[in-house]
Amino acid sequence: MKIKLPKIRLKLKKRFKYGIAGLLIVFMTGSAFYNPSEKYFEIAKNLDIFATLFKEVNTWYVDDVTPGKLMKTGIDAMLASLDPYTNYISEDQIEDYRTMTTGEYSGIGASVGTRDGRILIMMPLEGFAADKAGIKIGDEIVAIDGISLKDKSYDEASQLLKGQAKTNVVLSIKRYGNENPIDITVTREKIQTYNVPYSGMVTEDIGMIKLTDFTRDASKEVNDALLDLKSKGAKKIIFDVRGNPGGLLDEAVKISNIFVEKGKEIVSTKGKVKDWNKTYNGLSEATDTEIPLVVLTSGTSASAAEIVSGVMQDYDRGVLIGENTYGKGLVQATRSLSYNSKLKVTIAKYYIPSGRCIQAIDYANRNEDGSVGKLADSLRKPFKTAAGRIVYDGGGVKPDIAIEHDRFAPITQTLYLKGLLFDYANKYHFENKEIAEAKKFNLTDAEYNNFIKWLSTKEYDYTTKVERMIEDLEKVAQTEDSYEALKPKIEEFKKGIAHNKENDLRNHKNEIIELLEREIATRYYLERGQMEATFDDDLDIKAAIEVLNNEAKYKEILSAQ
């Protein structure tokens, strides 16, 4: 039997008060059928405490209280004690949630970002409204429909850009090389963001599919990309899920089914509500169960991306290369609440074909201070793949070939984070009408020297690892009585190891050029250029090519031996 609360048209305080009272009646009515020690009695009791506490705060607190804001804070804090994936979605957040799950929204079709208080175009989506109107990466939006963006936040600017499809929005753009802002009219349209922003040929017979999300139609995009690559001569596939945070479980099942036979178990879910326990099998005929496959993973490959990676590993269907995945083995469902709000709640853990759950963090057993830790290695259990290879639960999906990625030098990180590589790419694009295709584009020594010359006019600084160590040493020395005697030697040492920007620009030339070429390529070829510019220096891709071109090694990795 469904119980509906009556509609109460009262002032805000009274409406809240009686709303809570209605909830209490429902819970108390339910608890009448149980022993007072049962859980429903505890729920009713604590709701009563919460309601009276809120009433006292609302009545006596020194400043005015906004009920909705205060309640949202309380709800968020309560859910945060469970896990990061159980969230309250208020009515005004529904559109953003719908965009996240479907990939659909109405707007100009471009990602924007902020830097130094400026709203910048980071990437127009190829073929959509902004791209068709001539909007470019690096354009600064100074006004939208005459509304200045000075002192406006990212969220405020984003809301102004969105609107109903087929409506016009006028962007006042400040562009490199133009003294004055230019007005560009963009006709908003329904935007469907791509789950597969890139698919193409890496070599003559190796194709690559980059999957960044698991929203609706992700499986169709992957399947279409696979068929297209095979028509272009692809005999082997690199499937890239690095940085993919996951998404819809059904899409993970369908994508796995593209590469493994119909009827094979893909994933099972187990939780407290037994009716929701389910085993998902491949329901369609696989597109290709034989084509050699490498899956690229990273530490930020999570959830649905880990299901696909784990299924490929458990069935020995492909070789995993890269980093250990994140370790999110939890499943969420969305439940409707009153006033058009929703609850995204963790309902189960998922298990891949070998029987393992790859959940790495143990949210059920928090430390005394409320922090959580990863499952201890000693508690991880071994499982076997179809061929008999040993794999483990409780720590994400471990790649078959782990690749160590060196961190960029401090100077490289600074040039990137301060937007200096971004700004120089805009300058380069303005001064050069065209470049070679992204796969073949390389900066010459003369062009790199021009970049160094341009940098000499810019303000930037950074701290090297050795300098940080000296700073730490000095802090420790300051606590000692002998500091005054040591101070001259420390100062002398600091001068001796002070970094030289020009030397660092020469010593770390290769990695700086790597990022700069990628940044420049996006100005001409957008997301495709961003991907293809990495082919010659991406360690994961190079390792994938090596394995796919060595049939004996590929088979050896996938065998129990």
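The legends below describe close-up views of a predicted model.

Local features are given at pLDDT of at least 70 and side-chain atom pairs at pLDDT 80 or more, while totals for chains, interfaces and linings use all residues. Residues are numbered from 1 along each chain as its sequence is written, and side-chain values use heavy atoms, with hydrogens and water left out.

**View 1. An open sheet of six strands with mixed pairing.** The strand order is S10-S11-S12-S15-S16-S21. Strands S10 (198-201) and S21 (401-402) each have a single partner strand, so one side of each edge strand lacks a neighbour in the sheet. Strands are DSSP runs of E with at least two residues, helices are runs of H or I with at least four residues, and both are numbered from the N terminus; two strands pair if DSSP finds at least two bridges between them. S10 and S11 (residues 206-210) are antiparallel and share four bridges, with methionine 201 bridged to glycine 207 of S11. Helix H9 (residues 304-314) packs on the sheet, touching S12 (236-240), S15 (293-297) and S16 (319-322); contact means heavy atoms within 4.5 Å. The direction of H9 makes about 140 degrees with that of S15 (axes are lines fitted to C-alpha atoms, for helices over the stretch in contact, and angles run from 0 to 180 degrees between N-to-C directions).

**View 2. The buried side of helix H12 (residues 445-455).** Glu447, Tyr448, Phe451, Ile452, Trp454 and Leu455 are buried. These residues cover an arc of only 160 degrees around the axis, which places them on the same side of H12; the arc is that of the directions from the helix axis to the C-beta atoms. Asp445 and Lys453, on the other side of H12, are exposed. Buried denotes under 20% relative accessible area, exposed over 50%, and partly exposed in between (1.4 Å probe, protein chains only). Among the elements covering the buried residues are helices H10 (410-417) and H16 (509-532).

**View 3. The salt bridge between arginine 242 and aspartate 538.** The N to O distance is 3.0 Å; a salt bridge places a side-chain nitrogen of Lys or Arg within 4 Å of a carboxyl oxygen of Asp or Glu. Arginine 242 lies in the loop between S12 and helix H8 (249-259), and aspartate 538 in the loop between H16 and H17, 296 residues apart. Arginine 242 is buried at 15% relative accessible area, and aspartate 538 is buried at 13%. Salt bridges with shared partners join Lys210, Asp240, Arg242, Asp538 and Asp540 into one network.
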